[in-house]
Amino acid sequence: MTIIRTIGCDTLLVEISINLIVAVCIICILLASLFYLRKKHKQSAAYQINMILAPEDEMQNFIIPDGIGGLLEVEHLILMEQGLLIIETFPISGNLFGAEKIDQWTQVIDKRSFKFINPLQHIHDTRQALKVLTPKIPIFCRVIFSADSHFPKGKPEEVSTLSSLAEDMQNMRALPKIIDSMRQEAWHQIIRIGRKDGQAILEAES
């Protein structure tokens with residue numbers, strides 16, 4: 001009887017171990033799938049944005065003086081025929097509510113609401129700092145929400161979602177073009193002043 005019980009316990013332990021291994025494998029597969037889907041969505045959004053922007057030239061993730069003794073990080077700067085375009089992206093989904101003069105914006109998703117800082121504040125500071133470096137050409141701003149987001153009560157003028165970006169850029173490209181020599185002079189001025197990874201931009205990217 002003792003032998004039978006021992007065999008039965010061993011069999012039960014083996015079954016439990018197998019079930020645990022299977023469960024762990026399933027969890028790992030699910031986590032890997034979730035990670036892959038999120039990464040794919042992020043890459044897909046970045047690809048869509050890049051295709052719409054179709055930059056003539058661009059710089060990403062660099063530092064410039066803020067004009068008051070500090071530094072500012074620029075996420076993405078694009079050279080356009082109409083001037084310079086500052087881009088900042090936010091992967092925030094759901095229904096969004098905000099306006100240019102409101103300090104705190106609201107995200108509503110799954111019947112819950114979350115506050116976040118008005119993203120236009122930083123991008124406007126960046127524009128002001130760039131104007132000090134390149135005062136002769138127009139500088140535009142565009143905050144892009146790269147996830148599945150909507151503005152039910154209307155979005156601010158300098159804000160785009162993935163679904164509105166193409167039209168927003170079309171309107172911007174309809175503006176008067178700037179003399180090429182002025183654009184290039186401004187662009188190279190930023191390259192000379194800007195820093196990336198503690199180095200001049202050209203050195204950091206070479």
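Buried, in these notes, means under 20% relative accessible area, with exposed over 50% and partly exposed in between (1.4 Å probe, protein chains only). By that cut-off, 34% of the chain's 206 residues come out as buried.

Ground rules before I go on. I'm working from a predicted model, where local features need pLDDT of at least 70 and side-chain atom pairs count only at pLDDT 80 or more, while totals for chains, interfaces and linings use all residues. Residues are numbered from 1 along each chain as its sequence is written, and side-chain values use heavy atoms, with hydrogens and water left out.

**Overall look**

Helices (H or I, at least four residues) and strands (E, at least two) are DSSP runs, numbered from the N terminus. Then contacts, meaning heavy atoms within 4.5 Å. Among contacts with a separation of 6 or more, 57% join residues 24 or more positions apart.

**Salt bridges**

I looked up how many salt bridges there are, and the structure holds six. The criterion is a side-chain nitrogen of Lys or Arg within 4 Å of a carboxyl oxygen of Asp or Glu.

I went to Arg183 and Glu56, whose closest N and O atoms are 3.0 Å apart. Arg183 sits in helix α4 (residues 180-193) and Glu56 in the loop between α1 (2-53) and β1 (57-65), so this pair ties together parts 127 residues apart in sequence. Arg183 counts as buried at 5% relative accessibility, whereas Glu56, at 45%, is partly exposed. I also noted that Asp180 joins Glu56 and Arg183 in a network of salt bridges.

Next up was Glu158 with Arg127, again a salt bridge, with the closest N and O atoms 3.0 Å apart. Glu158 is in the loop between β8 (149-150) and β9 (159-161) and Arg127 is in helix α2 (residues 119-133), so the bridge ties together parts 31 residues apart in sequence. Glu158 is buried at 17% relative accessibility, and Arg127 is buried at 19%.

My last stop was Arg142 and Asp168, which meet in a salt bridge at 3.7 Å, N to O. Arg142 belongs to strand β7 (residues 139-145) and Asp168 to helix α3 (residues 165-173), so the pair ties together parts 26 residues apart in sequence. Both Arg142 and Asp168 are buried.
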